[in-house]
Amino acid sequence: GLGLPPSCGATVLPFDVYRWAFAATITRQNQVPFVRGQQQGDTLALVPVWDMCNHEEGGCTTSFDPEKGLECHATADVAAGGSINIFYGPRPHSEFFLF
């Protein structure tokens with residue numbers, strides 16, 4: 001559990017819980033394209049399952065199809081129970097450390 005007292009409601013949040021939630025959110029956001037009517041652009045989003053993928057060097061493993069949405073492409077066979085890796089982009093190793 002979060003360790004919140006039952007009487008705290010939505011107005012009190014211990015700093016350590018806030019810090020964990022902030023770190024979990026900021027390190028799992030992805031810049032993704034969007035199409036809304038005639039508008040197109042990029043936005044930040046939390047993409048279900050992507051936050052569970054590890055980084056692997058390589059080329060682009062994701063794409064955007066205006067009809068289907070976000071797609072993730074395997075670059076190798078994935079055995080049952082194996083890990084699914086994605087390419088986080090060309091970043092220095094320092095960006096992979098949590099703060």
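**View A. Cysteines C53 and C72.** The sulfur of C53 lies 5.7 Å from the closest cysteine sulfur, that of C72, which is too far for a bond; a disulfide is a pair of cysteine sulfur atoms within 2.5 Å. C72 is accordingly in no disulfide, and a search of the whole structure finds 0 disulfides. C53 is buried at 6% relative accessible area, whereas C72 is partly exposed at 38% (buried, under 20%; exposed, over 50%; partly exposed, in between; 1.4 Å probe, protein chains only). The model is predicted: local features need pLDDT of at least 70, side-chain atom pairs count only at pLDDT 80 or more, and totals for chains, interfaces and linings use all residues. Residues are numbered from 1 along each chain as its sequence is written, and side-chain values use heavy atoms, without hydrogens and water.

View B. Strand 1 (residues 29–36) pairs with strand 2 (residues 39–46) in the antiparallel sense over 8 bridges. Strands are DSSP runs of E with at least two residues, numbered from the N terminus, and two of them pair if DSSP finds at least two bridges between them. Q29 stands opposite L46 in strand 2. The hairpin has 2 residues between its strands, and G37 in the turn has a positive phi of about 65°.

**View C. The second largest pocket.** This pocket holds about 260 Å³ of space. It is lined by 17 residues, of which E56, A74, T75, A76 and N85 are the closest to its centre. A pocket is an open set of points on a 1 Å grid over the protein atoms alone, where a 1.4 Å probe fits, with protein on both sides within 12 Å along at least five of seven lines; lining residues have an atom within 4 Å of a point. Volume is the space filled by probe spheres set on the points, which are joined across faces, edges and corners.

Technical notes: Helix = DSSP H or I, 4+ residues; strand = E, 2+ residues; numbered from the N terminus.
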